Amino acid sequence: MNSLSVKFTKPNAKLPVRKTAGSVGFDIFACLGAEAVIAPGETKKVGAGFAMALEPGFAAFIYARSGLGVDYGIAPANCVGVIDSDYRGEVTVGLRNSSNVPFVVRDGERIAQMVICRCELPELVLCEALDETARGSGGFGSTGED
């Protein structure tokens, strides 16, 4: 995918941008028309003012901006948002305030980052047994602490 069709859904929307040549994530901006306050422990949906047309076999993933998460406790409520290739509605980010102070989201502020990835779409095949590996069914912490 060399290009991605994007349509504004609100008049004051901003196009997502990559800030440096090496950036994988596109910064997403709040498109509110006003300020919104997210109280401590609250989750609020914040629209980004755009929709897009991902090609089949691609998905967009919405991640926290490290500065908002580390400095203010503001991150996507579902940890990582997934936007499927057949979705054509406005991109919206559910932001959760895990701090103990209210956070003001200002219109046009960077609220998250979006990474677009190619995704395999395999068919699942039910079977009676799986191949054996050295790890087997060892789960959390089974590979050691070093």
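In this predicted model, R110 is partly exposed, because its relative accessible area is 30%. The side chain of R110 meets that of D27 in a salt bridge, with 3.0 Å from N to O. Since D27 belongs to strand 2 and R110 to strand 11, this pair ties together parts that are 83 residues apart in sequence.

D27, for its part, has a relative accessible area of 8% and is therefore buried, the limit being under 20%. D27 also forms a salt bridge with R65, where the closest N and O atoms are 3.9 Å apart. R65 lies in the loop between strand 6 and helix 1 (66–72), so its pairing with D27 in strand 2 joins parts that are 38 residues apart in sequence.

The strands named so far belong to an open sheet of 4 strands, which has the order 2-11-6-8 and antiparallel pairing. Strand 2 (26–29) and strand 8 (81–83) are the edge strands, each pairing on one side only, and the twist averages 30° from one strand to the next. Between strand 6 (residues 58–63) and strand 8 there are 3 bridges in the antiparallel sense, and F61 stands opposite V82 in strand 8.

The largest nonpolar core has 21 residues, and I28 and I111 are among those with the most contacts inside it. Strand 11 (110–118) is one of the strands that supply at least two residues of this core, and its 3 residues are the largest share.

How values were computed
Residues are numbered from 1 along each chain as its sequence is written. This is a predicted model: local features need pLDDT of at least 70, side-chain atom pairs count only at pLDDT 80 or more; totals for chains, interfaces and linings use all residues. Side-chain values use heavy atoms; hydrogens and water are left out. Two strands pair if DSSP finds at least two bridges between them. Axes are lines fitted to C-alpha atoms, for helices over the stretch in contact, and angles run from 0 to 180 degrees between N-to-C directions. A nonpolar core is a set of buried Ala, Val, Leu, Ile, Met, Phe, Trp, Tyr and Cys residues joined through side-chain atoms within 4.5 Å. Buried means under 20% relative accessible area, exposed over 50%, partly exposed in between (1.4 Å probe, protein chains only). A salt bridge is a side-chain nitrogen of Lys or Arg within 4 Å of a carboxyl oxygen of Asp or Glu.
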